Amino acid sequence: MANNLRRIWDADPDAAPKERSSFADDVVGRFRSGRLVKMGNKDVPESLNEWRVTTGDPVVAAKIAELMGGISEEWETDKEDNLQILTTSPSVAIIIEPDGVDASFKMFMPGAGLTHHCDGFEYLSPEEDAGTACGCPSLIAERKLKAQQMRGPKPSVDVKFRLQEDPELGIFRFNSGSWKLVEVLGGLFADLDKYPGKQVRATLTIENVTYTPQKGPRAGQEVSYNKPVIKVLGAYEAAVDVDLPMAA
């Protein structure tokens, strides 16, 4: 057999068929623990008990539905991840990338974008402000109050990972503004630091917490909320196919 048409691409290289690129190292979707639902004329946040995954790739959406349950459907958004899967899984086995967890404080304002980015004590960006005092209060309670009043930043914990069941599907992101997650970041980073430069096996779980406070305005009432939990299990070693025949 002969490729008798090869020369046409030599004459017009810009039109030549390109090798299909791999998406294994691209961010292909986001894990979300909530959504906005319509109540009257308002969009109200709803906390979910199982993971919601959004993506712009139908192949990725179909695989998520296969692995985690649910069905792929379109949702209203102006972003590229116009497909969502309301999975039936509250937990997923993941592989965290080296340096795959980034934590900081951020404040976004409508029409202005990111207006405050710090580590709680000094600005991280923009470059001209990096390293200077950010003016945030020292006490956690005061930080929370200012964030609620839109006068200060809130936590932004960003995690990049692969799925243990299909690492080649691509990289996923999970971003959380949970103060509960901030409380355990010290332990999380300590666990990750045990495996420097390596991919790490972990679980990402939506965990429900229910308790009855003894003091305060809700004393005696049952309180329930969901929080994201990341549990590090150890270093990840890619599987090696030992059945391949050795070269002669």
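Guide: Let us start with proline 155. Its relative accessible area is 4%. The model is a predicted one.

Visitor: Why is proline 155 called buried?

Guide: Buried means under 20% relative accessible area. Proline 155 has 4%, so proline 155 is buried. Proline 155 sits in strand S8, residues 154-163.

Visitor: Which residues does proline 155 touch, leaving out residues up to four places away in sequence?

Guide: Ser104, Phe105, Ser176, Gly177, Ser178, Trp179 and Val182. Take valine 182: 27 residues along the chain separate it from proline 155, yet their C-alpha atoms are 7.2 Å apart.

Visitor: What share of the chain is buried?

Guide: The chain has 248 residues, and 32% of them are buried. Its secondary structure comprises five helices and 11 strands. Consider contacts between residues at least 6 apart in sequence: 57% of these join residues at least 24 apart.

Visitor: How do you know that cysteine 118 is in no disulfide?

Guide: A disulfide needs two cysteine sulfur atoms within 2.5 Å. The nearest cysteine sulfur to that of cysteine 118 belongs to cysteine 134, 3.8 Å away. That is beyond the cut-off, so cysteine 118 is in no disulfide.

Visitor: What about cysteine 134?

Guide: For cysteine 134, the nearest cysteine sulfur is that of cysteine 136, at 3.6 Å. The limit is 2.5 Å, so cysteine 134 is in no disulfide either. The structure holds zero disulfides.

Visitor: What makes aspartate 99 exposed?

Guide: Exposed means over 50% relative accessible area. Aspartate 99 has 82%, so aspartate 99 is exposed. Aspartate 99 is in strand S5. Its phi is positive, about 55°, although it is not a glycine.

Visitor: Why mention a positive phi?

Guide: Because most residues other than glycine have a negative phi. Methionine 150 is also not a glycine, and has a positive phi of about 60°.

Visitor: Which peptide bond is cis, with omega near 0°?

Guide: The bond from serine 125 to proline 126. Proline 126 is in the loop that runs between strand S7 (123-125) and helix H3 (140-148). Most peptide bonds are trans.

Visitor: Which residues are closest to the centre of the second largest pocket?

Guide: Pro98, Asp99, Gly100, Leu192 and Asp193, out of 14 lining residues. The volume of this pocket is about 190 Å³. Strand S5 (91-109) and helix H5 (185-192) each supply at least two residues of the lining. S5 gives the most, with six.

Visitor: How do the lining residues of that pocket divide?

Guide: Eight are nonpolar, two polar and four charged.

Visitor: What is the average confidence, or pLDDT, for the chain?

Guide: The average is 87, and 86% of the residues score at least 70. Over residues 18-22 the pLDDT is below 50. Beyond near neighbours in sequence, that stretch has one contact in the model.

Technical notes
Residues are numbered from 1 along each chain as its sequence is written. This is a predicted model: local features need pLDDT of at least 70, side-chain atom pairs count only at pLDDT 80 or more; totals for chains, interfaces and linings use all residues. Side-chain values use heavy atoms; hydrogens and water are left out. On a 1 Å grid over the protein atoms alone, a cavity is a set of points where a 1.4 Å probe fits but cannot get out, and a pocket is an open set with protein on both sides within 12 Å along at least five of seven lines; lining residues have an atom within 4 Å of a point. Grid points are joined across faces, edges and corners, and a volume is the space filled by probe spheres set on the points. Helices (H or I, at least four residues) and strands (E, at least two) are DSSP runs, numbered from the N terminus. Ala, Val, Leu, Ile, Met, Phe, Trp, Tyr, Cys and Pro count as nonpolar, Asp, Glu, Lys and Arg as charged, and the others, Gly among them, as polar. pLDDT is the predictor's confidence in each residue, from 0 to 100. Contact means heavy atoms within 4.5 Å. Buried means under 20% relative accessible area, exposed over 50%, partly exposed in between (1.4 Å probe, protein chains only).
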